[in-house]
Amino acid sequence: MMALYQQLLLSSIIAPPNTDPFKSADDVIKLVASGEYKIITNYIGNWYFEDLAYSESAHFRDLRAAIAGNPIVVADSVNDVLDYVELGGYIFPIQEDSLAMQMSKQRCGLVYVSEGLPEKAAYFVFQKNSTLSKIWNPAIKMQIDYVIKVYNKYFTENNKIGNLSKCNEDDAMGISSKTQNLSLITTFGIFLVIIFGLTISIITFIFEIYFAWQHNVIKLSLRSRRAVAEPIHLMALAELCGAKKIQKILDKRILTPTSDEEKEHITIADSGFPY
């Protein structure tokens, strides 16, 4: 039992169960195609939906086929979209560095998925042969450390702007409670079962020792009674019969015990109980 629960605990630490409805863009497409989920947005002119209408990449082509029988829902604002997402059954395509992303982090229990989703490059547009473009790229390279710092602050370290959510910090970061580190509270059920099983085992062991001791006491008591009563019975039988030959045999029987009786006597003596 101990080994069994150690393996269960180890498997829970290494590979916690994942109950998220989808983990990648392919899962999203399957759920939308089956009608279990709908795509929702507040702005259909976003680059993602423009590519969805015209792009021939595999992701957009498959998603376009999925929404053919399950059209996109358009809400009035980002807050309305997030309200629908919190209700369940809706998926909100969102740009990572947008204000909508920061607004979504003020909600609780949302899951963020980026695997398999397309990326879009951003460009600064200048007039051809502009002198500004010649100094722009070196300036961007000089700012790269600061750009990485700002990116990590808001997208890796999950610092927030605006109103902070009142929910659990891990939920606000999109980390489900099932992936949190195990603690005494989360594993209390396992330890409770172990304690209960050990308690039953100890009680059973004590009763087993007690009944075994009582069995030996009763067994030794019967042997002692037999050792005392048997000679008396044999002598009474000899007196009743009256034959001298039988009397001599019985006397010899009493004075010289059999090998079994000697073994029984030795066993009783070795056991530590009084004969």
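Is E86 buried, partly exposed or exposed? With a relative accessibility of 39%, E86 counts as partly exposed, on a scale where buried means under 20% relative accessible area, exposed means over 50% and partly exposed lies in between (1.4 Å probe, protein chains only).

Before going further, note that this is a predicted model, in which local features need pLDDT of at least 70 and side-chain atom pairs count only at pLDDT 80 or more, whereas totals for chains, interfaces and linings use all residues. Residues are numbered from 1 along each chain as its sequence is written, and side-chain values use heavy atoms, with hydrogens and water left out.

R107 counts as buried at 14% relative accessibility.

Next select G109, which lies in the loop between α6 (99-104) and α7 (131-142) and counts as exposed at 52% relative accessibility. The C-alpha atoms of G109 and E86 are separated by 7.7 Å, although the two residues are 23 apart along the chain.

**Other salt bridges.** The count comes to 4 salt bridges. One of them joins D51 and K120, with the closest N and O atoms 3.3 Å apart; D51 lies in helix α3 (residues 47-54) and K120 in the loop between α6 and α7, so the pair ties together parts that are 69 residues apart in sequence. Then select E56 and R64, whose side chains meet at 3.5 Å, N to O; E56 is exposed at 55%, while R64 is partly exposed at 25%.

**The strands.** Move to β1 (residues 38-41), which pairs in the parallel sense with β3 (residues 90-91) over 2 bridges, two strands being paired if DSSP finds at least two bridges between them. I39 has I91 in β3 as its bridge partner. Strand β2 (residues 73-74) also runs parallel to β1, joined by 2 bridges, and T41 stands opposite V74 in β2.

Finish with residues 188-213, where an unreviewed UniProt entry places the feature "transmembrane region". Over this range the chain is 100% helix and 0% strand, with the end C-alpha atoms 37 Å apart. UniProt positions are given in the numbering used here, feature names are shortened, and annotations may be inferred rather than shown by experiment.

Key
Helix = DSSP H or I, 4+ residues; strand = E, 2+ residues; numbered from the N terminus.
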